[in-house]
Amino acid sequence: MINFKLSRTRQLDLIILILLMSVSVCRVNAQKTGDATDTTIVPVKILYGTLKSIQGEFVSNALVTLLKKDSSLVKATFSDERGAFSIRYSTRDTLQLIISHISFLPLQQLLIRSDSVAPVPMNVTLQPKSVSLSEVTIKDKKPLFELNGDRILLNLEDNPAYAGRNTFDALGAAPRLTIDPISKSISLDGKTGLVLYVNGKQLYSTPSEIIAYLQTLPAANVVKIEILTSPPAKYDAAGAGVILIQTKNMIKEGLTGELSVTGGAGRYVKSNASLSLGLQTKKLQAALFFAPNYQPTYYSWQRQQTLFNANRADGYSSGSQFNYVDCFGQLLRSSLDWTVSKNTVIGSVLQGSHNNETQNPVASLDYRLSSPNAPLMHIDAQNQLQQKTWNLAANLNFRTNFTSTRLLTGDIDIASYDDKYRSTALFNERENNVPSTELFNINYPNRVTIKTAKIDYQSSFMKKGSFETGVKYSTILMNNQPFVNTLTDGFLDVKAKLANGFHYQENTSSAYSNLSFSVKKVNVSAGLRLEHTSYDGRSTSNEAVSRNYTNLFPSLSLNYRSKSEYGISVSANRRIVRPAFDLLNPAYLYFDPLTLYTGNPLLIPQYTTTVQTTLTTPKRLSLTLLHYETQNRITEVVYRIDSIQATTLNTNINFDWERRWSMTLSYPFTIKTGWQLQAAVTAHNTRYYSNYNDIDVYTGQSTAILRLFNTFKTKYFTANLNFIGRTGAVIGYFRYDPLWNIDAGVQRSVGERGSLKLAATDIFHSAIIKNHGVYLNNRIDFAHRYESQQILLTYTYRLGNLKAKSVEERSFGSQTEQDRLQGNGTRK
């Protein structure tokens with residue numbers, strides 16, 4: 001069926017064409033009436049050619065017009081989808097050719113009179129122009145990442161290698177940012193505990209749950225990610241940095257939307273989808289976002305462990321495990337903004353999410369204790385860990401403009417998290433071929449409630465400056481009370497630890513002021529944040545910890561840019577990472593018969609002072625130099641409980657300090673027309689020190705990370721080939737072996753509203769994470785695999801007005817507190 005629906009621009013061009021042709025017909029009729037004796041035969045000529053952009057792409061729907069000297073129309077036509085046009089005409093006059101298109105500069109050219117009837121071919125290259133369409137500007141595609149002063153920009157829209165993948169995977173493309181799907185962590189320059197904003201969306205309460213949340217949010221729904229490596233005082237001081245994730249906003253003029261569907265497979269078939277709808281009227285703006293996903297996956301590992309005594313091996317254990325994870329999640333978010341008056345807007349945001357994950361680890365373990373003549377033990381273990389999480393958050397906000405330079409905003413947030421976790425295990429142990437069986441079934445219900453309120457004020461300062469100030473109060477309450485359903489005799493001695501409940505309450509008050517101004521070509525931003533925190537944690541075993549502390553967090557940023565676009569940025573700040581709630585919980589959790597997880601109520605916050613400098617050139621070359629020092633570094637440790645047992649304890653402690661020197665160099669190359677390479681290399685030296693149980697531990701490592709992102713553009717499609725490689729690294733006392741992987745993707749437009757993207761991840765399945773360390777006379781070696789190799793196909797269809805103006809979405813004021821639910825370590 002032919003679709004006669006035309007855009008407004010095309011309709012206007014067609015109307016003008018019809019009018020001009022009408023005028024031409026009238027003139028021809030007048031000539032026939034007034035000069036009937038003219039018998040001159042004028043030969044028919046053909047003008048044809050092809051229209052292209054400077055990138056070599058065909059230009060369709062361009063209006064090609066032939067005019068006489070008196071501007072009367074001879075003929076006109078539109079170029080087709082291959083940029084081709086053809087005009088037949090019969091006149092000996094000197095003609096003027098005019099080519100116009102909404103996205104290109106108009107072209108005018110005189111056609112000299114000729115008696116030849118041979119066709120006149122023309123290959124025309126049109127120059128682009130920046131065109132405003134309802135305040136939306138057409139620009140060139142952005143590079144995947146940009147290093148800009150104290151922030152890193154990650155643009156995902158035009159990189160098909162991340163199509164169909166989740167936002168957690170996409171974060172790994174950013175220089176200086178590292179994701180670890182095994183330990184379920186995100187770190188900036190090696191520091192965990194990041195503050196994460198995703199248009200105000202809530203985050204889950206454990207490392208595995210934050211992964212589930214980011215997997216629920218498709219990367220195809222993300223426009224860009226901004227990583228603030230030196231955040232100003234207006235942001236909470238918690239976290240190593242601030243990550244702002246901006247999703248596609250469907251709040252536009254009229255009713256608009258976008259539907260995206262992904263299907264694919266790695267070891268298992270998987271799928272996800274997202275639907276965004278937006279409505280804007282004169283006084284009302286509303287949006288709805290829904291994203292379900294089904295992401296079954298697997299994790300596997302091999303472990304070797306040796307206990308040393310007087311420099312000799314004294315007992316060991318080894319094992320392997322395969323863990324099939326069945327995971328389904330869904331996220332629903334709605335927002336509403338009502339313009340009460342010319343200067344005041346009241347808004348609300350309601351968000352709910354649900355995640356259902358079942359892990360099914362199967363392990364085979366062998367161990368020998370250090371006692372004399374100890375027998376070789378073998379264990380076959382079958383576990384099931386079920387986790388169901390329901391999150392609900394509500395936000396009420398207002399925004400008032402007193403004048404064009406003074407703004408007051410306020411937010412009130414209430415969020416509730418219900419996490420139901422159940423662990424079931426069956427252990428078959430053989431000693432000298434004599435079998436015995438142990439089993440347990442334990443529930444771990446957990447509820448977290450967060451309430452926050454904040455007010456922010458912003459005003460102009462002098463001519464080119466601004467002043468910001470604000471206050472915030474938050475209260476957090478967590479209750480976790482495990483209870484044992486089934487327990488055999490072999491676990492009676494640890495029953496009290498397994499059923500140890502934990503009650504935690506934290507109150508934080510903060511105030512900040514930030515001043516920004518310009519002195520000639522130097523932009524200055526200076527701020528100071530005051531935070532007071534008090535918390536109380538108590539367990540049913542009467543373990544209690546209470547703290548009350550106040551801190552100042554200064555920040556300073558200087559930016560200079562010359563007329564020739566050379567720039568330099570210098571920034572410094574001090575930040576805090578508070579222990580995640582689950583890392584303080586002293587309850588014990590079994591993951592397999594030889595692995596115990598527990599929190600450490602004695603953890604204290606870590607503090608980091610950072611200084612960094614970034615140099616940039618007009619050709620987008622950038623160089624960042626960084627130094628930071630962290631006190632009380634929160635670090636994961638795994639060690640043998642004692643020489644009598646083979647069980648290891650996985651927990652977190654405070655290392656005394658961590659120091660890092662780092663350099664990041666980024667530069668985009670144009671290899672040839674249609675092939676661009678963006679390269680970034682990071683080199684750093686990191687050192688740790690800890691004195692634990694009167695044992696000094698020094699670790700250090702120099703590491704290099706190389707990122708190569710190739711973009712290929714042709715007339716029909718865009719493709720990407722990405723490489724990320726890392727040499728050996730160190731985190732705490734664990735050393736990591738080198739690691740590399742290659743991803744690829746291709747995308748093509750399907751009509752004006754659709755697009756098709758195909759992505760292949762970790763093509764050579766090379767992402768094997770190997771780490772090893774020696775701690776407290778115990779050496780442990782791990783080799784991890786996960787479902788990194790996948791093929792995903794995504795189809796996206798846009799609804800409504802494609803050229804309408806987007807409206808900014810609201811974010812939750814309690815975002816920082818919610819982010820702490822993600823955890824800093826690896827506790828399941």
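## Overall make-up

Helices, of at least four residues, and strands, of at least two, are DSSP runs numbered from the N terminus. By that count, this predicted model has six helices and 46 strands. The protein has 828 residues, and 51% of them count as buried. It exposes about 38000 Å², with carbon and sulfur atoms supplying 57% of that area.

Contacts across the sequence are also worth a look. Taking those between residues at least 6 apart in sequence, 67% join residues at least 24 apart.

Let's turn to confidence before the details. The average pLDDT of the protein is 80, and 82% of the residues score at least 70. Residues 1-12 have a pLDDT below 50, and beyond near neighbours in sequence this stretch has five contacts in the model. Residues 14-40 also have a pLDDT below 50, with 11 contacts in the model beyond near neighbours in sequence. Where pLDDT is low, the predicted coordinates should not be read in detail.

In soluble globular proteins, nonpolar side chains tend to be buried together. The largest nonpolar core here holds 47 residues, and the members that touch the most others are Phe440, Leu498 and Tyr733. Strand β23, residues 376-403, gives this core its largest share, four residues. Apart from this core lies another, of 32 residues, including Ile152, Leu171, Leu177 and Ala240.

Setting aside residues up to four places away in sequence, leucine 498 touches Ile442, Tyr444, Pro482, Leu487, Tyr588 and Tyr590.

## Aromatic rings and charges

There are 16 aromatic pairs in the structure. In one of them, the ring centres of tyrosine 504 and tyrosine 535 are 5.5 Å apart and the planes meet at 35°, so the pair is tilted. This pair links distant parts of the chain: tyrosine 504 belongs to strand β28 (residues 502-519) and tyrosine 535 to strand β29 (residues 522-539), 31 residues apart. Both tyrosine 504 and tyrosine 535 are buried.

Tyr733, already met in the largest core, also belongs to an aromatic cluster with Trp301, Phe734 and Phe782. Lysine 234 places its charged end over the ring of tyrosine 235, 5.8 Å from the ring centre. Arginine 267 lies over the face of tyrosine 298, 5.2 Å from the centre of that ring.

## Two residues in their surroundings

Threonine 616 is part of strand β34, which covers residues 606-616. Its relative accessibility is 12%, and buried means under 20%, so threonine 616 counts as buried. Beyond its neighbours within four places in sequence, threonine 616 is in contact with Leu147, Arg561, Glu565, Tyr566, Gly567, Leu621 and Ser622. Between threonine 616 and isoleucine 568, the C-alpha to C-alpha distance is 6.3 Å, although 48 residues separate them in sequence.

Glutamate 146 sits in strand β10, residues 145-148. With a relative accessible area of 24%, glutamate 146 is partly exposed. Apart from neighbours within four places in sequence, glutamate 146 is in contact with Arg151, Ile152, Leu153 and Asn155. Glutamate 146 and proline 175 are 29 residues apart in sequence, with their C-alpha atoms 9.0 Å apart in space.

Technical notes. Residues numbered from 1 in each chain as written. Heavy atoms only, no water. Buried < 20%, exposed > 50% of the residue type's maximum accessible area, 1.4 Å probe, protein only. Contact = heavy atoms within 4.5 Å. Areas by Shrake-Rupley, 256 points an atom, 1.4 Å probe, with all protein chains shown as cover. Core = buried A, V, L, I, M, F, W, Y, C linked by side-chain atoms within 4.5 Å. Phe/Tyr/Trp six-rings, centres within 6.5 Å; stacked < 30°, edge-to-face > 60°. Lys NZ or Arg CZ within 6 Å of the ring centre and 35° of its normal. pLDDT = per-residue confidence, 0-100.
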